[in-house]
Amino acid sequence: MNKKEDKLDAIVALSKRRGFVFQGSEIYGGLAGTWDYGPLGIALKRNIQNIWWKRFVDDRTDMFGVDAAILMNQKVWQASGHASGFSDPLVECKKCKHTFRADQIADPKKCPDCGSELGSGKQFNMMFETQVGVVKDESSKSYLRPETAQGMFVNFKNIIDTQHPKLPFGMAQVGKAFRNEIAPRDFLFRAREFEQMEIEYFVNPKEWEKSFEYFREQMKGFMKDVGLTDSKVYELEVLEADRAHYSKRTIDFEYEFPFGKKELYGLAYRGDFDLKQHSDFSKVDLSYYDEEKKERFIPHCIEPSFGLDRTVLAILCDAYTEDEMGSEKDSEEKEKRVFLKLHPSVAPFKVAVFPLLRNKPELIKKAEEIFKTIKKEIPATVFDDNGNIGKRYRRQDEIGTPLCVTIDFETIEKGTGVTVRDRDSGKQERIGEVELIQYLLKKINRTN
Ligand code: GAP
């Protein structure tokens, strides 16, 4: 593969071929900026989400999970500044009428599609508008949320009143967000419907820097958990002019995608902007009383924000590998193989189990027995007896299954165990049935 764009095309094709991700509404010609996850894609996405939730919620005592409604009172978006300011610069071609994001085209006067003159720009609000209820007027207007964050700010008082947390504490949420992007592009990178994993961490204003630095490290830790290559991640201190209206400091974590170095995650210091705005607009007091210091104040907020779909894309880009392999017993000549070098923590299947041959009932019976035993301990295990063994290895390589267990005649005749093949090296080891589960678990958890 030569060109970098080819790599993205290959990933899109693999995603469709193997059931990771499909174009949304595909049979009707698609709907731009929407993607549907298939069985393998949802497994990958859930694994990422679970790792995130474990690190940031389950393993801590200072974080409270919420799942707020997507539709919110329109006043939320007036208070947050999104109703007036969540827009991108839009230009339209005078001739072909195609629209572009003004900041993403080479020449702001010339249409990239037909070369004609572009009209003067305007700001385009990216929120999807909708009506709630049967009466269609200004008062029934609502929006599909463009960020999950506001669902947490509006529940700040509920958390204080029901959980009685002490500062610093945080709220965490995973959920859909919607943006009517002018130019959705680059597969899952810029979609119109996507998922975010966000934290709003509330601190004493005097201590914001400590928490900011802490979450900077935590975000790097998460990237490691899901297996992203360190050297492909860059931190960018976002200049004031480029920061969102609520942010006093932002660091973007950029990832080296095949189409360039682009934002993967953001870490923002939102100050007291949101709680203050919601206090003003709702007339509900959103201050916090510190019992020890006997002081009342509006906490400041540190926001680590993660795109879930962008994580899926970064992981696929990181894992996509082409090499030549001739180490299988049944293939003498080297052949090109495509495989996903996924970290076992995110791989949709951790183990695949095969009988060596598909027309030998005694092999199939033993393989099914071993499959059931493994599946009890490692639920993400799959059984495959389709096609020849070489093809099965290739199929599992392509979906990133780290380990393949093969039951052969030695297993049943000599009782010498099974072969376990490692996806990345293609090497096989013979492992006794008694040690098998422990061996597999060690490999999956990378503890050996
Ligand atoms: N609450 C802060 C916030 O929403 P953002 O930088 O606009 O900040 C946070 O979005 C993250 O959401 C981004 O870093 C990215 O991972 C993801 N994201 C934003 N827009 C996206 C889109 N159109 N498609 C996919 N992911 C997107």
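**Sheets and ligand shell**

Reader: Hi! How do E14 and E17 pair, and over how many bridges?

Author: Strands E14 and E17 are antiparallel, with 6 bridges between them. Strands pair here if DSSP finds at least two bridges between them. Both strands and helices are DSSP runs numbered from the N terminus: helices are H or I runs of at least four residues, strands are E runs of at least two.

Reader: Thanks! Before I go on, what sort of model is this?

Author: This is a predicted model, in which local features need pLDDT of at least 70 and side-chain atom pairs count only at pLDDT 80 or more, while totals for chains, interfaces and linings use all residues. Residues are numbered from 1 along each chain as its sequence is written, and side-chain values use heavy atoms, with hydrogens and water left out.

Reader: How does E3 run against E10?

Author: E3 and strand E10 (residues 169–178) run parallel, with 3 bridges. Met 63 has Gly 170 of E10 as its bridge partner.

Reader: Switching to the ligand: which residues come nearest?

Author: Glu 147, Arg 179, Glu 198, Glu 263 and Leu 264 come nearest, out of 21 residues around the ligand. A residue is near if one of its heavy atoms lies within 4 Å. The shell divides into 8 nonpolar, 4 polar and 9 charged residues. In that count Ala, Val, Leu, Ile, Met, Phe, Trp, Tyr, Cys and Pro are nonpolar, Asp, Glu, Lys and Arg are charged, and the others, Gly among them, are polar.

Reader: What about Glu 198 and Glu 303?

Author: A polar side-chain atom of Glu 198 lies 2.5 Å from a ligand nitrogen, and an N or O atom in the side chain of Glu 303 is 2.9 Å from a nitrogen atom of the ligand. For Leu 264, a backbone N or O atom lies 2.6 Å from a ligand oxygen.

Reader: How much of the ligand does the protein bury?

Author: The protein buries 91% of the 560 Å² that the ligand exposes when taken alone; the areas come from the Shrake-Rupley method with a 1.4 Å probe, and for residues only the protein chains shown count as cover. Strand E11 (193–203), strand E14 (260–271) and strand E17 (300–307) are the elements giving two or more residues to the shell. E14 gives the most, with 5 residues.

Reader: Nice. Where is Pro 168, and what joins Leu 167 to Pro 168?

Author: Pro 168 is in the loop between helix H6 (156–163) and E10, and a cis peptide bond with omega of about -5° joins Leu 167 and Pro 168. His 164 lies in the loop between H6 and E10 as well, and has a positive phi of about 50° although it is not a glycine. Most peptide bonds are trans, and most residues other than glycine have a negative phi.

Note on methods: Polar contact = N/O pair within 3.5 Å; in protein donor to acceptor, adjacent residues only side chain to side chain.
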